[in-house]
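Here is a short report on one protein model. Please look over the sequence and the structure first.

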Amino acid sequence: MMDRREWMQGSAALALLGGWAGSAAAQNFVEGKHYVKLPSQVPVTAPTGKIEVVEFFWYGCPHCNAFEPALDAWAKKLPADVAFRRVHVGFRPSFEPQQRLAATLEALGWFDAFQRKIFHAIHVQRQRLDRAEEIIDFIEKNGGDKAKFVEMYNSFGMQAKVRQGKQLAEAYKIDGVPALGIHGRFYTSPSLAGGDNTPEQEGGQRALALTDQLIARVRKNA
């Protein structure tokens, strides 16, 4: 997990391995060790009948970048009763331009088109996407409608989205990323699910398998 003391620490890329879900699901996950049950329900925004899963991330986090391929593949196979979304954390004021970026992509329905490109630009190409001008230029160069993006990025609604994202991360008590919140009741992460001595790749696999188990618990109202 990337915490405030590890923001600039590098990491190897996470690859998706076949059969990860079955092997990880066979493990016994322990409350308080591999995941946290929240003391009170956090409000969810998913439609009635949907189970909400939220990934908390930061574009500059190497662990989030490493986790993204497996998370993306997992998200594409979710059952119809699960609503998945991503929230960019705001651990410090300088994160706000990228918080607005993530919120704008969500509002425009552009996450699938840009998420992996942004991680690649930052962590492989070493591009700086810390300021609004850099972000807008990147979106335009990668095929986005500049006018539409800028209008949404600078809108009052994006201010509200940034504030709501911060509040949600605080409600889940998120202090490191990547992390996964499950329907306002639980959260886990590759670091928690994997444990101290587990390779990052396996930790990501275990976190997703554990999330599947927690989704099943919510579905059964357990």
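## Glutamate 200 and helix H9

Glutamate 200 sits in helix H9 (residues 200–219). Helices (H or I, at least four residues) and strands (E, at least two) are DSSP runs, numbered from the N terminus. The model is predicted: local features need pLDDT of at least 70, side-chain atom pairs count only at pLDDT 80 or more, and totals for chains, interfaces and linings use all residues. Residues are numbered from 1 along each chain as its sequence is written, and side-chain values use heavy atoms, with hydrogens and water left out.

Glutamate 200 is partly exposed, with a relative accessible area of 28%. Here buried means under 20% relative accessible area, exposed means over 50%, and partly exposed lies in between (1.4 Å probe, protein chains only). The side chains of glutamate 200 and histidine 63 make a polar contact of 2.7 Å. Such a contact is a pair of N or O atoms within 3.5 Å; within protein, one must be able to donate a hydrogen and the other to accept it, and residues adjacent in sequence count only if both atoms are side-chain atoms. Glutamate 200 and alanine 66 lie 134 residues apart in sequence, yet their C-alpha atoms are 8.4 Å apart.

Threonine 211 is also in helix H9. Threonine 211 is buried, with a relative accessible area of 0%. A polar atom of its side chain lies 2.8 Å from the backbone oxygen of alanine 207. Leaving out residues up to four places away in sequence, threonine 211 touches Val53, Trp74, Leu180, Ile182 and Thr188. Contact means heavy atoms within 4.5 Å.

## The sheet

Five strands make an open sheet with mixed pairing, in the order E2-E7-E6-E3-E4. Strand E2 (36–37) and strand E4 (82–88) are at the edges with a single partner strand each, so one side of each has no neighbour in the sheet. Two strands pair if DSSP finds at least two bridges between them.

Strand E3 (residues 51–57) pairs with E4 in the parallel sense over seven bridges. Valine 54 stands opposite arginine 85 in E4. In E6, the bridge partner of valine 54 is glycine 181. E3 and E6 run antiparallel, joined by four bridges.

E6 also runs antiparallel to strand E7 (residues 186–188), with three bridges. Isoleucine 182 stands opposite phenylalanine 186 in E7. The hairpin of E6 and E7 has three residues between the strands, and histidine 183 there takes a positive phi near 50 degrees. Ala179 and Gly181 point one way from E6, Leu180 and Ile182 the other, and all are buried.

Helix H2 (residues 62–75) lies across E3, E4 and strand E6 (179–182), running at about 160 degrees to E4. Axes are lines fitted to C-alpha atoms, for helices over the stretch in contact, and angles run from 0 to 180 degrees between N-to-C directions.

The buried residues of H7 are Met158, Ala160, Val162, Gly165, Leu168 and Ala169. Their cover includes E3, E4, helix H3 (96–108) and helix H6 (146–153). After H7 comes lysine 173, with a positive phi near 65 degrees.

## The whole protein

The protein has nine helices and seven strands. Of its 222 residues, 48% are buried. Among contacts between residues at least 6 apart in sequence, 77% join residues at least 24 apart.
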